[in-house]
Amino acid sequence: MCAESHPLRSPSPLARHLPQLRLTALAVLTGTFSHVLQTTDYTATHQIYAHHSLVHLMAFSITIRRAAHATQPITVQLQSPFVPESQDLDLNQGPDFQGAHYVYGKTRVPEVEGGPRPTVHMLWTPVPQALTLRGEEWERSWEFLTAVAESEEEVKRSYNEGLALIAAGSLHSSHTRAWAALWGDCCLDLDGPLPLRQALYGCLYYLLSAIPPRGSPAFLFHGISPGGLSNGTRGEDYWGHVFWDQDTWMFPNILLFYPEAARAILEYRIRTLEGALRNAREQGYEGAKFPWESAATGREVCPEEIYGAQEIHITGDVLMAFEQYYCTTQDQKLFREDGGWKLVGAVAQYWCSRMVWSEEEQCYHIRGVMPPDEYHYRVDNSVYTNAVAQRSLNFAADVARDFLIPVPEEWVDCAKKVKVPFDAEKKYHPEYDGYIPGEPVKQADVVLLGFPLMHPMSSEVRRNDLEMYEPVTETAGPAMTWSMFAVGWLELKEVQRAQSQLNKCFSNIMEPFKIWVENSDGSGAVNFLTGMGGFLQAVLFGYTGFRITRSSLRFDPAFPDDVNKLKVTGVSYFGNKLTFTITKEELRIKVTASPRDPWAPPLEAVLEGSGQRFPLCQGQSVSFPTAAGWIQRSSAETF
């Protein structure tokens with residue numbers, strides 16, 4: 001039995017603020033939140049940020065600048081509800097360090113009975129009740145630090161690093177430089193409607209804020225919850241747990257821009273594999289069953305048993321992320337040495353043990369599940385669940401062959417013979433055995449067969465699935481749904497119909513900071529990264545037609561009439577960095593960085609229609625009329 005599991009609520013000195021604020025702004029390019037108080041005599045600016053490269057450090061500053069006519073001392077009163085107490089932590093006060101106050105303590109309740117109780121250490125700069133700009137001073141800034149870490153050594157080291165940067169006058173500038181480097185290496189720019197551009201930048205900013213910073217391989221990453229790190233208190237925003245939202249909706253965007261951050265997400269799943277193995281055993285199956293809601297151990301922490309027991313597609317969703325990573329990086333080390341292969345094999349073993357043979361239909365069934373459409377439960381042969389299980393088994397067999405490991409015959413047999421429901425008369429995929437057309441659907445389900453699963457089907461079947469489920473899908477349901485309908489229509493080149501679906505997402509975006517809510521009526525998780533991830537995929541994979549396959553990165557652009565140009569900077573593929581500039585008439589590709597390995601084969605672009613090949617060399621651009629094709633590794637003979 002699991003205890004109530006949610007992110008630790010540690011007290012935050014950053015809550016201290018200026019009263020009577022007049023202006024508030026979030027600068028996504030610098031990752032800085034600002035409050036500005038303006039009077040006739042002075043301007044006071046309050047900046048807050050989580051330092052992007054120093055992962056244990058948060059900071060805020062207050063700057064007072066007098067008006068030209070003002071000569072008297074200026075005092076600004078500060079307000080704060082901060083007290084060093086927490087419902088989740090048993091805190092103790094330690095001795096001050098370098099002028100900072102210090103508290104530390106363990107969590108009051110472990111995630112699972114008998115499990116570990118992590119320790120938290122926090123140092124913070126004391127903040128006065130008021131700040132005064134003396135009469136002879138024109139402007140002055142005060143900077144304050146908070147460091148939070150899991151050990152006394154780490155928290156003191158981080159705090160000292162912050163003090164050193166303050167002394168050098170570079171605390172905030174080092175943070176903004178880290179953000180500038182991040183934005184410089186990845187961007188989605190389009191010549192199109194301003195609301196669309198703003199939404200894209202907002203989505204990318206919030207998603208980038210949730211991943212580990214570059215150059216920090218030792219940083220222990222704990223996954224991404226639907227509401228991000230800052231949300232998920234007791235009973236709210238899904239308790240801060242990790243769902244398929246991370247692996248299916250957020251991961252593909254992160255992978256194409258920052259494969260090292262994608263690797264950290266997969267390492268989180270590898271670290272929790274023991275919990276997944278235990279989940280399967282407790283339900284009477286073999287292999288590894290990943291929890292519907294995951295935290296630190298990989299044990300099921302969903303407060304409602306039905307989801308953990310039945311929404312088993314999560315296990316296939318996790319493995320699909322591993323497959324996408326494998327196909328775009330060929331990172332053999334993750335699989336051979338760092339636990340990836342063990343996880344892949346355990347998932348394949350789970351799916352085989354979860355299937356039962358139907359003598360009547362002469363195929364394997366997966367019974368008693370909840371599909372992504374959570375309006376239905378205890379159904380047999382959810383088409384999405386079975387298709388993702390089939391994909392898991394095929395991927396496991398492919399990796400085994402690559403590694404010259406004998407492929408268990410059971411994997412091949414189960415993949416080949418698992419039932420994937422299909423109505424041959426109406427030429428569409430029923431959501432599950434016994435689904436009656438017209439039944440309401442909560443969210444994207446069958447439409448996910450086309451993307452991201454890329455389950456083989458004709459254009460006619462793809463269209464029929466879209467037309468069957470679009471009118472019966474909950475209009476006020478989770479925000480990521482309509483992005484997937486948009487991708488489907490873009491595949492079929494019905495760009496305006498696609499855009500009408502994508503436009504539905506804008507009702508989930510809250511002003512002024514482009515925060516997403518889960519449902520269009522304002523309910524559900526706040527700062528809903530899942531919806532943002534789906535929206536980004538509609539552009540990053542929909543407008544471009546990007547598809548990750550075993551041997552290539554495919555492209556097939558299509559975008560609506562009011563978008564004239566799309567530029568995607570920093571696409572990662574086999575260690576290369578690519579920039580795609582796409583208009584309706586021309587597609588231009590430039591390799592901006594190549595692998596350090598001199599033996600790494602270069603890339604080439606191949607056009608689908610003509611078979612024409614374009615060598616891709618670092619620093620050079622190639623262009624051709626906009627058409628479908630793919631990027632692949634080339635042989636030396638090509639050159």
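**Strand pairing and helix packing in the predicted model**

Strand E19 (residues 576-583) and strand E20 (residues 586-593) are paired in the antiparallel sense over 6 bridges, where helices (H or I, at least four residues) and strands (E, at least two) are DSSP runs numbered from the N terminus and two strands pair if DSSP finds at least two bridges between them. The model is a predicted one, in which local features need pLDDT of at least 70 and side-chain atom pairs count only at pLDDT 80 or more, whereas totals for chains, interfaces and linings use all residues. Residues are numbered from 1 along each chain as its sequence is written, and side-chain values use heavy atoms, with hydrogens and water left out.

When neighbours within four places in sequence are left aside, Arg-588 is in contact (heavy atoms within 4.5 Å) with Thr-579, Phe-580, Thr-581, Ser-621, Val-622 and Ser-623. Arg-588 and Thr-626 are separated by 38 residues in sequence and by 8.6 Å in space, C-alpha to C-alpha.

A further open sheet is formed by 5 strands in the order E16-E17-E24-E21-E22, with antiparallel pairing. Its edges are strand E16 (547-548) and strand E22 (613-616), each with a single partner strand, so one side of each is left without a neighbour in the sheet. Strand E17 (residues 553-555) runs antiparallel to strand E24 (residues 629-633) and is joined to it by 3 bridges, with Phe-555 standing opposite Gly-629 in E24. Strand E6 (residues 89-97) and strand E7 (residues 100-107) likewise pair in the antiparallel sense, over 7 bridges, and Phe-97 stands opposite Ala-100 in E7. The hairpin of E6 and E7 has 2 residues between the strands, and Gln-98 takes a positive phi near 50 degrees there.

Turning to the helices, the axes of helix H4 (residues 244-257) and helix H16 (residues 529-543) come within 9 Å and cross at roughly 45 degrees. That angle makes H4 oblique to H16, since angles under 35 degrees count as roughly parallel, over 145 as roughly antiparallel, 65 to 115 as roughly perpendicular and the rest as oblique. The residues of the contact of H4 with H16 divide into 9 nonpolar, 6 polar and 1 charged, where Ala, Val, Leu, Ile, Met, Phe, Trp, Tyr, Cys and Pro count as nonpolar, Asp, Glu, Lys and Arg as charged, and the others, Gly among them, as polar.

The axes of helix H5 (residues 259-271) and helix H8 (residues 313-329) come within 11 Å and cross at roughly 140 degrees. This contact is made by Pro-259, Ala-262, Arg-263, Leu-266, Arg-269 and Ile-270 of H5 and by Ile-314, Val-318, Ala-321, Phe-322, Tyr-325 and Thr-329 of H8, which divide into 9 nonpolar, 1 polar and 2 charged.

Notes
Axes fitted to C-alpha atoms, helices over the stretch in contact; angles between N-to-C directions.
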